Every structure is written in C-alpha cells, then in structure tokens.
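Visitor: I've got the sequence and the coordinates open side by side. Could you walk me through how to read a few features?
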Amino acid sequence: MTDSKYFTTTKKGEIFELKSELNNDKKEKKKEAVKKVIASMTVGKDVSALFPDVVNCMQTDNLELKKLVYLYLMNYAKSQPDMAIMAVNTFVKDCEDSNPLIRALAVRTMGCIRVDKITEYLCEPLRKCLKDEDPYVRKTAAVCVAKLYDISATMVEDQGFLDQLKDLLSDSNPMVVANAVAALSEINEASQSGQPLVEMNSVTINKLLTALNECTEWGQVFILDSLANYSPKDEREAQSICERITPRLAHANAAVVLSAVKVLMKLLEMLSSDSDFCATLTKKLAPPLVTLLSSEPEVQYVALRNINLIVQKRPDILKHEMKVFFVKYNDPIYVKLEKLDIMIRLANQSNIAQVLSELKEYATEVDVDFVRKAVRAIGRCAIKVEPSAERCVSTLLDLIQTKVNYVVQEAIVVIKDIFRKYPNKYESIISTLCENLDTLDEPEARASMVWIIGEYAERIDNADELLDSFLEGFQDENAQVQLQLLTAVVKLFLKRPSDTQELVQHVLSLATQDSDNPDLRDRGFIYWRLLSTDPAAAKEVVLADKPLISEETDLLEPTLLDELICHISSLASVYHKPPTAFVEGRGAGVRKSLPNRAPGAGSGSADQSETGAGSESTVIPNQESLIGDLLSMDINAPAMPAAQATTTSNVDLLGGGLDILLGGPPAASVETAPGGASSLLGDIFGLAGTSLSVGVQIPKVTWLPAEKGKGLEIQGTFSRRNGEIFMDMTLTNKAMQPMTNFAIQLNKNSFGLVPASPLQAPPLPPNQSTEMSLALGTTGPIQRMEPLNNLQVAVKNNIDIFYFACLVHGNVLFAEDGQLDKRVFLNTWKEIPAANELQYSLSGVIGTTDGIASKMTTNNIFTIAKRNVEGQDMLYQSLKLTNNIWVLLELKLQPGNPDATLSLKSRSVEVANIIFAAYEAIIRSP
C-alpha cells in the first residue's frame, strides 16, 4: 500500500494515539507514527503538541526516519523555539556521524531552522563541515553559510565563514566550487555595502573555468554569472577566457547558453573589432541563438527578448539569419510580435526584398494586432533602408486599396513618417490618402492625416474644406487630434491667408476659449500672439524646415542597453528594464555596465583621453592646518580681484579636448542672436527687457549669533546673479555701542572663493541692521575642506575679530557654460567608469517634468536630452562647477510619483553630496 493511506484518517483523539505510537519501542511503529504526523502537518493540522515526542525519535540510525523528524523540526522550530533547543545535541552529534548523508542532512536542517538560539550552536558544526572530507557535505555546508548570512550577517563575518567559503573556490570537487560561487553571489546581493566580497583575479578565474567543465548545468550558470562580473586585465586574457567559455554555447540547457552569451558579449567589448578572433567568435554566437528558437514558445520568447538586445548592440552576429525570424502560422502572438521586431532590426539592402514579401503576407492575416504591427514594420523598412522606400510605399498603397479599416489607418500613420523622412518625394499619393478620410476613426490615424493636410496644404485644392470638416466635431476629438488641427489650420493660413482667415479665427477661438486642455490653450495663445504681432516671424517658426526623422526611433538608450546586456538571461533582459525598476531592496541598486571598449573596437581608450587632464580641472589639495591659516590672516589685506569668467564651448572635458571625441576641429562658440526665437517669444508676451532666469533663493540663516559676536549678529546666504557668486548678509548690532571699520576675509577653501572687493559696510548704530551683498571671485588659493563646501570666515570691526564657518550652497557654484553637446555628453558618460557613478533618491518631487527641467536650467543645470522609457521620464543633464569639474546626471521621474532617482557621474565624485543637496533645494523651491 502506498503512503497515501496516511492522508485518509480523520479520527478523533488522534493526537493521543500518535503520542503513544511515537513512544513505542518498535522502530517500525515509530516510523509509521512519524509518517502520520508529517501527513497531518502537510494537510494543515496543528501537531505541534507532539514536539517533544517527535524530537525523541531523532536518536535513530534510520536515515528515512531522521529525514522525517528533521522535516517536522524545520516546520515547528520557529513556533516552539524553547523546545527546539532539545534537538541541538542530536544535531551536533549527527554532524560528526560516520555517514556523510547524515552529516549533510544535519547541517542543512540547522541552516533552515531560523531560530536565534539554535543559530549560536550551528557555528562549530558548520566550521567542521566546511572542511569535511566528503565533497557532498562540503557543498551542502557552502549553501548553509549563505542561509546563515541571511539570519545573522555579523556572525558569519565574525566567525570567519566568508574566508572559508572563499577557500572552497580552490576545492578539487567542481560541485563544491559551484556551490561556493552560488553562496558568495547570494551573500554579495544581500550585502549592504554593494562591494564584491571576493576579489576576482586571474588565479580565481582559472579555478572557476576549470570547475566549469565538470559541474552540473546550474553550477555552470552560477560560475558563468560570476565570470560576467570579471574584467580581464588585457585583450589576451579576454581571448583566453572566451576560448574556454565557447564550448558552453553547445549546451542543451538554454540557461547555460544564455549565460555564456552574456559573458562573451561583455568580453567582446575588450577585443579589437577588426581582429580575426573577434570575427570568428561573432560567427560562433549565431548558431546557439538560432537553436534556442526551436524550443517551446515560452523559451523562444525569452530567447527572442535577449536576441533583441544582442541585435541592437551587435547586428553583425545574426545578419545572415533572417529566415529563422520569419513567423510560423502556429506561433503564439507574443512570439510573432517579437520576431517581427527583430526582422526590422536585421533588415538591410541585401535582404529587404525578402522581408517586404513576408510583411505583405503578414498584413493579410486575421490577427488584428499582428497585422497592425506588420503594416507599421513596412513603414519602418522604408525609413531604415532608403533604396527600398519606393517599393515600401507601393506596398502600402496596395494595402490601402484593400479598404480594410485598421490596415488603412496604420498605413496612413506610417506614410506620415515616410513623408518626414523623404520630403517632396512621394507627395503624389496624397490624393489616394484623402479618399479614405471618412473611414478614419482612430486618434493617431486622424492626427496623421490632419498633419499631412496641413503640411501639404498648398498641393491640396480643398484643404480648407477637409480641415473644416474636422472642426465640426472639434470638442469631441482626442487631444492629439485637436493639437494637430490647430497647427494644420495655422499652416494653411500662413500659406493661403486670403481665403482662410475666418477658419483660423474659428480654430483659435475653439482652442483658447472653449477648451479645458491647458496644452491646447497655451499653443493657441502662442499662435495667436505670433500671428497678431509678426506674421513674418510666425511663418519662420511654424513653417520652418523640419529635421529628418531618425532611422530607428525605438532603440534603447545606449547606457540602458549596455546595462541590460550585463543582465542577459535574467528577468531584466525580458522586461527590457534595469533591475532597479522592478526589484526593491537588496542588490537592486548595484548598477552594472559594459567595460570600456578596446582601442581598436570603436572609440578611443580611456587612458588616451586622460592625457593633459590637469590643464583645465582644478585639483583640490588636502585639508591641513585650517585654524592656523585663518588666525594668521591679514584682515586689512587688499582683496583679490575676481577674474573675468571666460566662456568657451570647446571645454577640455576628458583631458584630450572635444575635438578628439567629435573627430574634428574644436566647435566654435555659439551665441544667441538678439533677434532669435527666444527674444521674439519674450516680445510676444510683453517680457522684453526682463530677466527670466532667477536661481533658487535659499533663506538666510544665522552664521554668527550675537552672544559669540559681542553683540554683532550676522545672518546670511549665498546667491548667484549675472554669473557672479554673492554673499548676502544682514548685519545687526545688538550691543550698546556703535560698530565701525568692518572688514572680511575668507580662509583657503575648496573652490578658491575670495572677496571680489572690500566689505563696504556703513557704521552700525546700536539696535540697527544693514543689508550687505559681497561679490565673490573664484581665483583665490585652494585647499580641500571637509565638507567640500565648508567656508571659514573672519569678520573684523572696531570691537574685535570674529570667526565662524558656513556652507556654500551648491547651486551658486554652477557655471553658466555647463551645457554639453549631445554627442559629447553620450561619449563622456560612456568614458567615465561605472565605479564613478552614484545614485541618490529624491522625495517630495512636485511639478511636471518640463517644469522641473526649466527650474534646473535657471540654476545652470542644463537638460541635454529628454526621453520616456516605460512610463518614466528620463532627463539627461550636465553642469560645470566654478573649478571646472564637470558633472553628468540622469534624473528619472515617474509622472504622479513624488519619488525620483538621480544618477551622477563625474571624474571627481567627491562633489556628489553638494550636487545632491542642490537638487533637493531646487526641486523643493516654489
């Protein structure tokens, strides 16, 4: 009879019966009783009352019975911690049993019992098991260390278990090595510091590679994941590791294959792209990826999501494998859509005919979502592969002739993009598009059609009638369509003003007076002011030449792509989001990135770019005897003149000059002409002659209280106006005598701040105050302070000399010439090592992304680019400190969420705390 009989009894008084059976002298009866107890526990009955009786059964040589008792203990030890202590002696004894299976079972069970009192007794048995002669016991003990770290991290560190675990990396048994790697990885993720516990060097790597060939598939995955965190010291070592990992690509387990691909993708960054070895390795990567696509659909989907990343990073790997991505009739929809995406990424001049033929077939399928994606894909092909554009347009026209509603609508959306890419080339098909105007009911398609009518109004005789027909239901239209209608009618008016004046007045009235949408109202007012103030300027703004759209608009942002490549074969590579986006807590904040590329692999090496870096950035010396310097200052010495700030755009950002990065001569300084667009908008709203840029104003605080200043109280703050730093102070005389002969001196500081002129303070009668604003230069002597923005000040008057310290607000140290070119920003971000990246969480963020970006700009933090990734707004920003230290930033904002994440990269990360504090102040400012 099978063990199912133990689950069928529901007798009353069962606990009492079990109690007597557990204390029976016969071993078989005991075993039967324990099985019944485990069965009752499994179905949810409370059998904790039998705890002492079950524990008594531990004293046995029968392995099956011992396993059952240990199972019971793991379940009830937490609710009966005092009684669980009874089992400790047996555990300790079992850890020295002659049978290795019992030794391993004992140490595994002790690790699973999460009771502090038992944990204390686990240390000694665990230490012995880590040095056990049997590899099965050692590999079990290795995993037990990770479990113990989860219960008590300090105990593991104090007892030296981490060192023993590191020693196991040199074990002769590959499974012990694999478990030690797995345990160290687990501990590393749980570690608060985020610093790697094991220093990966060539000796350790060699041991791991030796174990790789002989351990189980999951052991191989753990080892490969550890290898992915290692950066070889040179190209030769990278090649050697690649050669030893390549055989894993032929493994039957998909997880092993993808982990091997991850390591190779990372190492490829260190190899010269023009070497034979790199070409051979690239060829070897294709077959295993193709093989994954013959698995079941779920595995296919995971493989396709990873391939999507690989193709974006290195399209050459699969450029000859287009056919494997052709859709099969029985593929699930999620696989079809993913294959379609990869087909577009691999499309080029040599295979475009084949791709278009496939896409045309897909557009006749029954699955609506798939058909829409196929039609959109044809448009993307036209934009990506220029020689095929005509053929793509012809295919789209054929599809429009089918009169299938959703096909027609998708075709119009993509044709709008084709017009943007190839202006004045395919406008002859506009008449065909206009024939389908009445069938359009989706906002995106209607908006696209309205854009086409407005953009080519001069070629469409009845453009005014067509737009007028849209205006009849203006209030019911989607916001996207309303905005396009407004712009299209204004374009039409500027092209044919004589007969469309009534139409433009009607649409402006609808937008500004009858609409609740603030975006629509604002755009309506801007157009109204532009048209009424200067129609010629309006024509220049509205009908300006538009930039051609890029080939691939849905590519992942490069730094995100590099990070995701480091997470191939994990959930991050399936979601196409970094782990921080969906994992909270341990290990989530550790950000991975690819190593800097080898000199022959694209951009120049980091070493080359650092030559001559000292010429522009000011080095901050270490802090020495500050008090001595301050006391020995000559208060009456003449103030140092502040140097005139020189503004130039070819900043020596990486030490090698921007001309190295951009591959050309230094860029000329760009200045905005007085009659530019910004001044025009200022005139429209009556803002001419006023300054729109006002930095955040930090309230004054007491720097020197009256009791320490012998009646002199100084309150102050720092501000930045017209490119200069000011020390704004309120001096109050709370003494009984007047105060005169004021002078001020600043100690050496991190940013070389000195008074630009003497302190011009009038005599101060008792109980009177005076406001002072002292301009500061940045040409003084430099000495590193703690914290960096600490400023030590001495103020003298007719009574005495007074000393105090204050903190300079970070935002006043941000220079006006801190805006980088997009390409320079991107290259610089890649060049700065990942170790120089810090993250900071901002809370209490209010306002829109554009509002925050605008607020930052007024404080000399310049937004280089803005992007929306998975519902998150990403602002890429740059700033430059007055001592020529550049800082690059990425601000992640979630609309409606008061929390934001700020990532900072700089060659001098010491400035991070100043920047973070400045962001807090700016974001919270009104």
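Visitor: Where is the kink in H8, and how big is it?

Guide: The bend at a residue is the angle between two fitted axes, one for the seven residues ending there and one for the seven starting there. In H8 the kink is about 40° and lies at leucine 122, shortly before proline 125. As for the labels, helices (H or I, at least four residues) and strands (E, at least two) are DSSP runs, numbered from the N terminus. Keep in mind that this is a predicted model, where local features need pLDDT of at least 70, side-chain atom pairs count only at pLDDT 80 or more, and totals for chains, interfaces and linings use all residues. Residues are numbered from 1 along each chain as its sequence is written, and side-chain values use heavy atoms, with hydrogens and water left out.

Visitor: What span should H8 have, and what does it have?

Guide: The expected span is 1.5 Å times one less than the number of residues. H8 covers residues 116-130, so its 15 residues should span 21 Å, and the end C-alpha atoms are 21 Å apart, which agrees.

Visitor: Which residues of H8 are buried?

Guide: Buried means under 20% relative accessible area, exposed means over 50%, and partly exposed is in between (1.4 Å probe, protein chains only). The buried set in H8 is Ile118, Thr119, Leu122, Cys123, Pro125, Leu126, Arg127, Cys129 and Leu130.

Visitor: How does H2 do on the span test?

Guide: H2 runs over residues 27-42, and its 16 residues should span 22 Å; the end C-alpha atoms sit 23 Å apart, which agrees. Its buried residues include Lys31, Val34, Lys35 and Met41. Just after H2, glycine 44 has a positive phi of about 100°.

Visitor: Where else does a positive phi turn up, away from glycine?

Guide: Here's the background: most residues other than glycine have a negative phi, and most peptide bonds are trans. Histidine 576 has a positive phi of about 60°, and asparagine 722 has one of about 50°. Histidine 576 is in the loop between H32 and H33, while asparagine 722 is in the loop between strand E2 (712-721) and strand E3 (724-733).

Visitor: Are those two residues buried or exposed?

Guide: Histidine 576 is buried, because its relative accessible area is 7%. Asparagine 722 counts as exposed, because its relative accessibility is 83%.

Visitor: Which residues does the cis peptide bond join?

Guide: Glutamate 786 and proline 787, with omega at about -10°. Proline 787 lies in the loop between strand E6 (769-777) and strand E7 (790-796).

Visitor: How do I read the way H26 and H27 pack?

Guide: Axes are lines fitted to C-alpha atoms, for helices over the stretch in contact, and angles run from 0 to 180 degrees between N-to-C directions. Angles under 35 degrees count as roughly parallel, over 145 as roughly antiparallel, 65 to 115 as roughly perpendicular and the rest as oblique. The axes of H26 (residues 463-471) and H27 (residues 479-495) come within 11 Å and cross at roughly 155°, so the pair is roughly antiparallel.

Visitor: What about H27 and H28?

Guide: Those axes come within 9 Å and also cross at roughly 155°, so H27 and H28 are roughly antiparallel too. For handedness, a crossing is left-handed if the near helix is turned anticlockwise from the far one by less than a right angle, and right-handed if clockwise. H26 passes H27 in a left-handed crossing, and H27 passes H28 in a left-handed one as well.

Visitor: Which side chain makes a polar contact with glutamate 269?

Guide: A polar contact is a pair of N or O atoms within 3.5 Å; within protein, one must be able to donate a hydrogen and the other to accept it, and residues adjacent in sequence count only if both atoms are side-chain atoms. For glutamate 269, the partner is the side chain of arginine 314, at 3.4 Å. Glutamate 269 is in the loop between H16 (254-268) and H17 (276-292), and it counts as buried because its relative accessible area is 2%.
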